[in-house]
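Me: I am new to this structure. Please show me how to read a few of its features.

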Amino acid sequence: MDVSYRTTLELDKIIARAVQLCTCAETKEMMRAIEPFATTEEERYALAQTNAINALLLKNGSPRFGAVHEVRRVVAHAAKGGILSMGELLEIAAALRNFSGLAQWYGLTDHDMLPTDDLFFALAPQPVLEKQIGECIISPEEMADTASVTLRDLRRKIRATEDSIRTKLDAIIKNSTTNKFLQDAVVSIRNGRYVVPVRAEYRGEVGGVIHDVSSTGSTVFVEPTAVVEANARIMQLHAQEQEEITRILTAFSGQVASLEPQFSYSYDAMLQIDLLLAKARLAVEQNAFMPQVNDSCRFALKKARHPLIDKKKVVPVDIALGEKYDTLVITGPNTGGKTVSIKTAGLLNAMAQHGFLIPAHESSTVCHFDEYLVDIGDEQSIEQSLSTFSGHMKRITGILELAGPDTLTLIDELGAGTDPAEGAALAVSILERLRKQGTLLMATTHYAELKIYALETPGVVNASCEFDVESLAPTYKLSVGVPGKSNAFLISAKLGIPESVIDAARNHMSNDDKRLDSVLAQLDDLKLQLKAAEDEAEKARYEAEHALESAEKKRDALIKQGEEELEATRRKAHELMQNVQNQAYALTDELRRIQKDEKTNAAARAVRAREIARKDTEQLLNRTEKKQPKRQFVPLKEVKPGQEVVIAELDQHAVVLSRPDKNGMVEVRAGILKTKVPLTGLCAPDKMDKRTQKQEPPRTRTRVELNHDRKSSMELNLLGYTVEEALAEVDRFLDHAMLSNQNTVYIIHGNGTGALRNAIQKHLRTHRGVKSFRLGRYGEGESGVTVVELK
C-alpha cells in the first residue's frame, strides 16, 4: 500500500498525537510504526479492542501505570546468569507494579467478556517480589539497611567505627600541642581513609601515614597513627558490605530469571494495553465512537467531524459512498469546505483501518480499502490550496495505475491549472476511466461540465458545500444531490467590484452557462425552502416529544407520590400493631411471675391479652392491607390428645391436650398458652379447602421485628417449621436476646414426634451464648417449650 496518503490526509498528525498519549517508550515506537490492518476481520477486531478499553477507561478512570524502558532486555540478561544492578531491579519492580495495577483496574467493575480479556489474563503480577525490591532498594545507587540482617549489622559497625575515628581526630584537632601543626581544623577523606591537613614544614611532628599532598605542596594529608587501625577496619567492613550487596542483587537476579518466559508474555501484553489505552484516550479527546465495518466496499459517515478542527467550530457532515452511487462530485466556492469533506471521508476510514475510533455518530459504517489514492496537492491543507497542473497530472497518472476495486480515490480540483475547456474534458474522461476500474471516487471541481456529467450519469451524484453570501463565510455544510454554485459574481460584488464590470462578465457567459446558473439558483431556492420545512418539522417533532416526556414525568411523579403515601400508611399501621403486641407480650411476662396457686387466673388473663393483641392487630391490618376473603375449612369430627390441629378462626397451629367434653369444647395448647375451643373450630393442617387456596394469592408470613430492649422478644414460636428453618431462627433469636441483655427466653417447638425438640436442644448444647436450658413447667408450656438461660 502506498503510504503517502498518511501525510496528505493528515493521518500522521493523528498518529503523532496518539504517540504523545502512550506511556512507555517502546509503545511510542510501536505507535509510530503502526500499519493498517490487512483484512476486514482484523480491522473489526482491532476496533472492538479499542472500544472495550475506551469503555473501561470511561467507567474506571485511568489505571495506575508508569513508564518503563527495555525491561525485556534486563530480564533476558538475568536469565543468562547476569547480576542486575539496583537501577535495573527498580525497572523490574516498576513493570511488575504495572502488571498489578492493570489487573486491578480491569477488575474494578463487573463486565461481560471483552475482546481484550486475553491481554489482561496474560498479566502475571508478582506482588511479593515487587514488594521486596521496593523495600530493599531505595534508589539506583542505594540499598536499604533492612535489605538483610547482615547488611544492617555491617553498616552499624561502619557507623560506630567512623564515630570513633572522628572522636580521635577531633581530639587531635582540638589539642593545643598538635593544633598548631595543622593547616585547617578539619577532617578530610583521602583514598577512603580519614586524614588531617598538616602544614608541610611540620609533617614530621604529626605521626602517621601521608596519603596526599595539596597542589601547592604546602599541605600534606596525614592519617594519624591513632586511627590507622580503625581506618583499615572501615575498609574491611566496606568490602564486606559490598559483598553482601552483591549477594542480595544476585538473589534478586535469580528470582527475576525464574520468571521467564511468563514475564515476557506479560510485558508484551502490557505494551499492547498501553497502545490501546493511548487510542482510547484519543477517542475521549475527540468524542469518538466505534463504527461498524462493512464487508462490501461502501461506507456511510453520519455527523462526521474532522478530528484536527476545533470541536466547537467544526460542522458535522454526512458522507456516504458505494451503496446508491460510487462517485461524488463536490462543487461550491473556494474555502467552502469541499477539501475538508473529502479529507474527512478519507481520514476517518483510514483511522478505523488503523484501529482508531472515529469522531462520527456510532451508527456510522466504514469499509476496508486496499489503497487510498489521494491528490490534494503537496502544499494543500485545510487552510490553503497550491498546486501545478504538471504535478497534478503526475499524481493522477499514479492513481490510474493503482485504482481498482476496494480502493478509495480522492481528487481535489480535478482538471484545474490548465485551459478550462480542455481541463473540463480531461476531468470527465478521468472520472469515466476511474469508474470503469471500480474505485470509489470523490472529486471536487468548479467546472460546470462536471456538474452536468454528474446530473446525467447513473451512479454519479452532485454535492455542494453551502456558502453564506451575505457574510462571505462558508457554512461547511455538505448537501448531497444538489450541485453548488461558485458564486463568483456575488462574492465579487460584495468585495467591491463595480456592478458594470460584473454585468459585462455576465454578458460574456454562454447561453448554456446562463441557463445552468439559473437552474442552480432555482435549486438553491428550493434547497432553502426544503431546509426551512425540515427545520419546522424537526421543531414540531421536538415539541411533541418534549410534551410526551413531560406527561410521562408527571405520571411517574404521581405514581411515586402514591406509593410513598401508601408505604407511609403501612409503616404507621405496623408500628401501631407492634405496640399492641408489645403490650400483650408484656402482660404475658407479668402473668408468668404470678404465684403457682394463681395459674388458672393468670392463664385466663394471658388468653385475654392475646385476644386483645390479635383483634387490634387484625383491625390495623384490615385498614392497611387488602382484605382477603374468609378462608373455608373442613372441621374435624374427632380429635385425640397430641394431635396437631389448626384453630381456624386464628389460623394458629395448636396441639390437642384432651378429648372434647360434653359441650364439644377441646383443650388445646397454642404456644405457651392453654385454651378451650369448639371442636367445630378446629381443622387439620392438610384439610384446608384447596379450591379456596387456589383462588387466593399465596400468603406471606409477616414478621414483626420488635425492639431489642423490649420484653416481648422473650419467646420464639417454631410450630410448623422444619428442623433446618428452626435452627436458623433459633440462632437469630438468641443473638437478638443477648444483644438485649435478656437472661431467660422461651422456645416453643411443640411435642409432635419430638424430632424438632431434640434437634433444638442438641443445638443449644453447643451454642456459645447458652448457660443452661430445661423443659417448661406447668403453665409455661411443659414439654412443648424449652426455657433457655443465657450467659
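**Rings, turns and a sheet**

Reply: Phe-263 and Tyr-267 sit four residues apart in helix H12 (residues 262-286), so about one helical turn separates them. Keep in mind that this is a predicted model.

Me: How are the rings of Phe-263 and Tyr-267 placed, centre to centre and between the planes?

Reply: A pair of aromatic rings is described by the distance of the centres and the angle of the planes. Phe-263 and Tyr-267 are 6.1 Å apart, centre to centre. Their planes make 15 degrees, and planes under 30 degrees apart count as stacked, so this pair is stacked.

Me: Are Phe-263 and Tyr-267 buried or exposed?

Reply: Phe-263 is buried, and Tyr-267 is buried too.

Me: How many aromatic pairs does the structure hold?

Reply: There are eight aromatic pairs. One aromatic cluster is made of Tyr-5, Phe-299, Phe-369 and Tyr-372. A ring can also have a charge over it: Lys-279 lies over the face of Phe-356, 5.3 Å from the ring centre.

Me: What should I look for in the backbone?

Reply: Most peptide bonds are trans, and most residues other than glycine have a negative phi. Now look at Glu-260 and Pro-261: a cis peptide bond joins them, with omega about 0 degrees. Pro-261 belongs to the loop between helix H11 (228-257) and H12.

Me: Where do Lys-303 and Asp-406 lie?

Reply: Lys-303 is in strand E8 (residues 299-304). Its phi is positive, near 50 degrees, although Lys-303 is not a glycine. Lys-303 is exposed, at 54% relative accessible area. Asp-406 is in the loop between helix H14 (389-402) and strand E13 (407-411). The phi of Asp-406 is also positive, near 60 degrees. Asp-406 is partly exposed, with a relative accessible area of 33%.

Me: In what order do the four strands of the open sheet run?

Reply: The order is E23-E24-E26-E25, with mixed pairing. Strand E23 (715-717) and strand E25 (770-775) are the edges, each pairing on one side only. On average, neighbouring strands are turned by 20 degrees against each other, direction ignored.

Me: Which helix packs on the sheet and touches E23, E24, E25 and strand E26?

Reply: Helix H22 (residues 723-739) does, and its direction makes about 160 degrees with that of E24. Helix H23 (residues 755-765) lies across E24, E25 and E26, at about 155 degrees to E25.

Me: In what sense do E23 and E24 pair?

Reply: E23 and strand E24 (residues 744-748) are parallel, with three bridges. Leu-716 stands opposite Ile-747 in E24.

Key
Residues are numbered from 1 along each chain as its sequence is written. This is a predicted model: local features need pLDDT of at least 70, side-chain atom pairs count only at pLDDT 80 or more; totals for chains, interfaces and linings use all residues. Side-chain values use heavy atoms; hydrogens and water are left out. Two strands pair if DSSP finds at least two bridges between them. Helices (H or I, at least four residues) and strands (E, at least two) are DSSP runs, numbered from the N terminus. Axes are lines fitted to C-alpha atoms, for helices over the stretch in contact, and angles run from 0 to 180 degrees between N-to-C directions. Contact means heavy atoms within 4.5 Å. Rings of Phe, Tyr and Trp (its six-membered ring) pair if their centres lie within 6.5 Å; planes under 30 degrees apart count as stacked, over 60 as edge-to-face and the rest as tilted. Buried means under 20% relative accessible area, exposed over 50%, partly exposed in between (1.4 Å probe, protein chains only). A charge sits over a ring if NZ of Lys or CZ of Arg is within 6 Å of the ring centre and within 35 degrees of the ring normal.
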